[in-house]
Amino acid sequence: MLLVFCLAASIPVVGFNAVLMSEHFGAFFTCATMHAVLLVRWTKGLLPPRQFEFATRLVLLAGACALAGVVLMVLGYVLQSPTFGWTGRSLTLLDPTYASRFVPIIASVSEHQPPSWPSYITDLHFAALLAPAGIMSSFRKLDNGTLFLILYGITAVYFSGVMVRLMLVLAPAVCCLAGVAISDILSTLTGSLKTGLQSFKDAINGISRTVSGRFLDSGADDDSTAAATSDGGVLSSKTPSKKGGRRSGR
C-alpha cells in the first residue's frame, strides 16, 4: 500500500494529494490496523505468555501516545480548511446539492450529473434485475462475506445515484450480487433435478430387483423340476430290474 501511494505521489497531477486528502485517511487507518494485528500475532508466537502480556501493555501505551499525537496533527491540518480537508466531489457525494450551490463548475460536468433510470438497464443489463434477489439471498446466508457484499451494494447504489461516473463502482457489486442470485437459482433447479433423478434411479433399481427375483424364482423351479425328473428316472430304471430278478428266481 505504501508503494502504491509513493507511485501515486510521483504523478505530477496527483502529487501529495494522495496522502494529504481526507478521503485517504480511512485507507491509512485500515492499513495500520492490519499491520498491527499481524505484528501482534507474530510476536505472540515468539514470546512466552508473561512476556507477551508485558509487551502488549507496553505497545498499547506507546501506541496510544503515538495515536494521540497523530490525531492532533490531523485535526490541526483538517481544521485549517473550510471544508475540513474534503474536496468538492467528496462533499457532493455526501450532499448532492453542494456542488450546485458552492462549486458550479463541478456540477456543470456531465459525468457529475445524476444518472437516469434507463441508464441502469443500459449499463448493467439483466444484472440490475438480479441484484435485489442477490441481496435477499445474502440476508438468508448472513456472514462476514455476505454482509460486506450487502453494504457494498447498498452504498454503491447510493453513490451511483449521485454521479453517473460512479456507475463503475456499482458494476462490480451488481455483478457479485447477480452471481449470488444465479447460484441460488441454479442450486434450486439442480436440487429438483437431483431429486427427480434419484427417484428415477430408485424406480429402475426396484424394477431390476423385481425382474431378477422372478428370474431366480423361475430358475429355482426349473432346477427342482429337473431334479424331480432325474430322481423319477432313476427310480423307474431300478424297479424293473428288481421285478425281473424276482421273476427269474421264481
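## Cysteines

The structure, a predicted model, holds 0 disulfides. A disulfide would need a pair of cysteine sulfur atoms within 2.5 Å. The sulfur of Cys176 has its closest cysteine sulfur in Cys175, 6.9 Å away, so the two are too far apart for a bond.

Cys65 is exposed, at 53%.

## Overall make-up

The protein chain has 11 helices and 0 strands. Read from the N terminus, its elements therefore run α-α-α-α-α-α-α-α-α-α-α. Of the 250 residues in the chain, 18% count as buried.

The accessible surface of the protein chain comes to about 18,500 Å², and carbon and sulfur atoms hold 72% of that area. Among contacts with a separation of 6 or more, 59% are between residues 24 or more positions apart.

## The largest nonpolar core

The largest nonpolar core has 14 residues, and those touching the most other members are Tyr120, Leu124, Met167, Leu170 and Val174. Helices α8 (117-124), α9 (127-140), α10 and α11 (167-249) each supply at least two residues of this core. The greatest share comes from α11, with 7 residues.

Leu124 can be followed in detail. Leaving aside residues up to four places away in sequence, Leu124 touches Ser119, Met167, Leu170, Ala171 and Val174.

## The loop between α8 and α9

His125 lies in the loop that joins α8 and α9. The backbone of His125 has a positive phi of about 60°, although the residue is not a glycine. His125 is also exposed, with a relative accessible area of 51%; the cut-off for exposed is over 50%.

## Helix α10

Helix α10 covers residues 144-162, which is 19 residues. At the start of α10, a side-chain oxygen of Asp143 comes to within 3.4 Å of the backbone nitrogen of Gly145.

The buried residues of α10 are Thr146, Leu149, Ile150, Gly153, Ala156, Ser160 and Val162. An α-helix has 3.6 residues a turn, so residues three or four places apart point the same way. Buried positions in α10 with such spacing include Thr146, Leu149 and Gly153.

Conventions:
Residues are numbered from 1 along each chain as its sequence is written. This is a predicted model: local features need pLDDT of at least 70, side-chain atom pairs count only at pLDDT 80 or more; totals for chains, interfaces and linings use all residues. Side-chain values use heavy atoms; hydrogens and water are left out. Buried means under 20% relative accessible area, exposed over 50%, partly exposed in between (1.4 Å probe, protein chains only). Helices (H or I, at least four residues) and strands (E, at least two) are DSSP runs, numbered from the N terminus. The expected span of a helix is 1.5 Å times one less than its number of residues. A polar contact is a pair of N or O atoms within 3.5 Å; within protein, one must be able to donate a hydrogen and the other to accept it, and residues adjacent in sequence count only if both atoms are side-chain atoms. A nonpolar core is a set of buried Ala, Val, Leu, Ile, Met, Phe, Trp, Tyr and Cys residues joined through side-chain atoms within 4.5 Å. Contact means heavy atoms within 4.5 Å. Accessible areas come from the Shrake-Rupley method with a 1.4 Å probe; for residues, only the protein chains shown count as cover.
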